[in-house]
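The following note sets out points for a colleague who has the model open. Each numbered point may be read against the structure shown here.

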Amino acid sequence: MRGIFLAGALALLVGAAAPVRAAADGPNMAALLAERPSPTLSAYRLFRDAGARIPNPGVTPYDLVTPLFSDYALKQRFVVAPPGAPARLNGDDVFAFPVGAVLVKTFAYPADLRAPDVEVRPIETRLLVRQRAGWAAMTYVWDADGREARLQVAGATVPVQFRDAEGALREIAYAVPNKNQCKGCHASDNAVTPIGPAPRHLDREMVYADGRRSQLAHWVATGLLDAAPPSVSAPSTLDARARAYLDVNCAHCHNPQGPAANSGLDLRAAQTDPALWGVRKRPVAAGRAAGGFLFAIDPGRPDSSILLHRMRSTDPGVMMPELGRTLAHREGVDLIARWIAAMDADGAVPDNTP
Amino acid sequence: MLRILTMGVCLAMLAAAPAHAKTFRIRPGPDAQTQLQTALIEARPGDTVSLAEGRFELTSGLSLDVDRVTVRGEGQDESILSFTNQTSGAEGLLVTSDDVTLRDFAVENSKGDGIKSRGADRIRYLNLQVSWAGPPKSTNGAYGVYPVSSQDVLIDRVTVRGASDAGIYVGQSRNIIVRRSVAEFNVAGIEIENSFNADVHDNAVTRNTGGILVFDLPGLPQQGGHSIRVFKNLVERNDTPNFAPPGNIVASVPTGTGVLIMANRNVHVFDNAIGENGTANVIVSAYRNDIGDAGYNALPRDIMIRNNVFGRTGFAPAGDLAALKSAGVPLPDVLWDGVTTYVAGGAPRNEPVRISLKDNRTNRNTPVSFLSLGLPVATSPVTDAAPDASMPGVLLIAEPPPVRLPQD
């Protein structure tokens, strides 16, 4: 009898609490920090609209200086920090985020890349949540009507059509990563970690509801970040742009603690030894992916450089990155080809190279 | 009272016993990809993912990142993971967690490596088959089974056919056993690279380009390979023309090589049957490319070759070595490049290279033969050879202790 009474009281309590929560317009931290992820994205209350375009208060949009290429998908990024607990600067590395921080990234395609705001179809939304035990990665795949996204741990293949920058119709089998594949990129010493939110990647302007300003200054002013890092000049020389591109697209694995550490190839922009970032470096375990070439970077000779060969390929046994694309990134390939072509035997590229 | 006591005992037992291990049973069919990958993600430590009999048609690489999980099929010829139509993933199956057991299934036609395990300590590869259909091709995946950057690796009763690099490849690891396995029609049958303490024994390694390779390469996080024992293997008729894509280190392996030791320290080759290898039964060589890495030693040191039975060899030498035969220099059972000097990071270094042959015999009517090429430095072309066929003296070279693995 007493048990029934208690259960009834609990039900009443839960019933009474629910409408109050729905009225609150912030993220659902209990759901975000729960050990079991919610089956639907909407349960986290990150967005005001069903299509996850308009963020709730406490959810801040952000953008990167040099984004990772993902088959030309548009990416909308948002960050959540728990009130009164800003992320801490961590040198040049990714900020140290407090428990309760959330990074949100929606991958979407417009019908035509030349009109990026028209007929935008979301494909997947990925969350990185800083839980007590560390970062948790989750992926939500959108229903065809774009009104709800559902948890998918095993990945998915979604047929996608869009017109590219030249107006040509492209059809791809977009690959939503599975939970383990998330870790394929987002891992350091085998623990899940964010990649983007580091000073060099965020040092740019951003348009907010009340105007355009420095993204890092906005983060500090709104309590997302504890202090402003020294300003880094955006990469302007060919060499700096190429190294920044490799840093963002490759160094999440190709660093001494990353999943590709065993290759001995370190593509972080901070690596200063040309032999370690690939100049005349011989392949180790590349197998047929080496394409018959002798060096990762053969200075002055882009067409006999393994690194470029693997960027150009779409064969899963050859291509790099291994995940996250089914197309070659034409603009990235052009950049790296011009960079290797301009390189002298020691890996140096003159500053005045266009 | 009794009831309360019993309850207490039950609770104590529950607390002591591990959470009930679960078995995920996966069958071939249109949903196999999702079901299998979901099981590999949702499995908890102690669980088993069981593969039914049949062919699983998969389009994406699989991955496992949970400790203490067993993936078990119904047998090498019964449960087949087929990647013929793979469109994503750089390998068939990737394991990145510890204490994993893979047993009794096959992986075929993966676009990249067959099964790779990275940073996966105490892994067991048991009774598996990895193969690529058709004649050996350079478009086949590089490695059949590929544990790397791991401690305590057991490979037992694994068959690999058709890898365009090495069938069984262990890289940058320590404490390794490869035994009772079959490697055929690969470029390298079995390769131990940049690794410490490996026992490679009781394997049948035939019809590859080169049979068993013990390599050490520069510029890697783990180098200075040492303490390797290669024993009681059949290393015979390795005659498949080298089909490795150029640029890879194994592309330089001459067709018809039995055992090839390059760089490394303290390698013991004993009690093997090594014959019908057209270039040489055993080659001992320095690393022959330019070296920028000042911390690397290009020389093989402390090499013991004893109690082997050598069969026919030198009848079809390949690569640079073919020129020797044309010049009237017969190729031997054991060929050493004779190098004691190498250049690393711009500085020449010289070191004694101790090689010993002891108690070997042949199944031919000719005695065991040896040849040093007497090359001046590691990078010298074979045309600089000053061949010398005198047998090296017998040296005492202490053998490393047998490898013992906690999971074995």
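This is a predicted model: local features need pLDDT of at least 70, side-chain atom pairs count only at pLDDT 80 or more; totals for chains, interfaces and linings use all residues.

In what order do the six strands of the open sheet in chain A stand?

1. The strand order in chain A is β1-β2-β3-β4-β5-β6, and the pairing within this open sheet is antiparallel.

2. Strand β3 (residues 102-109) and strand β4 (residues 121-131) of chain A run antiparallel and are joined by eight bridges. A:Ala108 has A:Pro122 in β4(A) as its bridge partner.

3. How many residues of strand β7 (residues 88-95) of chain B are buried? The strand is mostly covered, with eight of its eight residues buried. Strand β4 (residues 60-64) of chain B pairs with β7(B) in the parallel sense over four bridges, and B:Leu64 has B:Val95 in β7(B) as its bridge partner. β7(B) also pairs in the parallel sense with strand β9 (residues 113-118) of chain B, over four bridges.

4. B:Leu335 stands opposite B:Leu371 in β33(B).

5. The domain assignment divides chain A into domain 1 (22-221) and domain 2 (238-341). Their C-alpha centres lie 26 Å apart. The contact between them takes 19 residues from domain 1 of chain A and 18 residues from domain 2 of chain A. On the side of domain 1 of chain A that touches domain 2 of chain A, at least two residues each are supplied by β8, α3 and β9 (187-188) of chain A. The residues of that side divide into 11 nonpolar, five polar and three charged.

6. The contact between the chains takes 33 residues from chain A and 39 residues from chain B. On the side of chain A that touches chain B, the elements that give two or more residues are β8 (169-176) and α3 (179-185) of chain A. The largest share of that side, four residues, comes from α3(A). By class, the side of chain A that touches chain B has 15 nonpolar, 11 polar and seven charged residues.

7. Helix α6 (residues 238-249) of chain A has 12 residues and reaches 16 Å from its first C-alpha to its last, close to the 16 Å expected at 1.5 Å a residue. The buried residues in α6(A) include A:Leu238, A:Ala242, A:Tyr245 and A:Val248, and among them are also A:Arg243 and A:Asp247. What covers the buried residues of this helix includes α8 (330-341) of chain A.

8. Most residues other than glycine have a negative phi, and most peptide bonds are trans. The peptide bond that joins A:Met320 and A:Pro321 is cis, with omega about -10°. A:Pro321 is found in the loop between α7 (306-312) and α8 of chain A.

9. Is B:Asn175 buried or exposed? B:Asn175 is buried, because 21 other C-beta atoms lie within 10 Å and the cut-off for burial is 20 or more. This residue lies in strand β14 (residues 174-179) of chain B and has a positive phi of about 65° although it is not a glycine. B:Asn264 likewise is not a glycine but has a positive phi, of about 80°. B:Asn264 lies in the loop between β22 (257-262) and β23 (265-270) of chain B and is buried, with 28 other C-beta atoms within 10 Å.

Conventions. Residues are numbered from 1 along each chain as its sequence is written. Chains are lettered from A and ligands numbered from 1 in the order in which they are written. Two residues are in contact if their C-beta atoms, placed from the backbone, lie within 7 Å. Ala, Val, Leu, Ile, Met, Phe, Trp, Tyr, Cys and Pro count as nonpolar, Asp, Glu, Lys and Arg as charged, and the others, Gly among them, as polar. Two strands pair if DSSP finds at least two bridges between them. The expected span of a helix is 1.5 Å times one less than its number of residues. A residue is buried if 20 or more other C-beta atoms lie within 10 Å of its own, exposed if 12 or fewer, and partly exposed in between; C-beta atoms are placed from the backbone. Domain bounds come from an automatic or database domain assignment.
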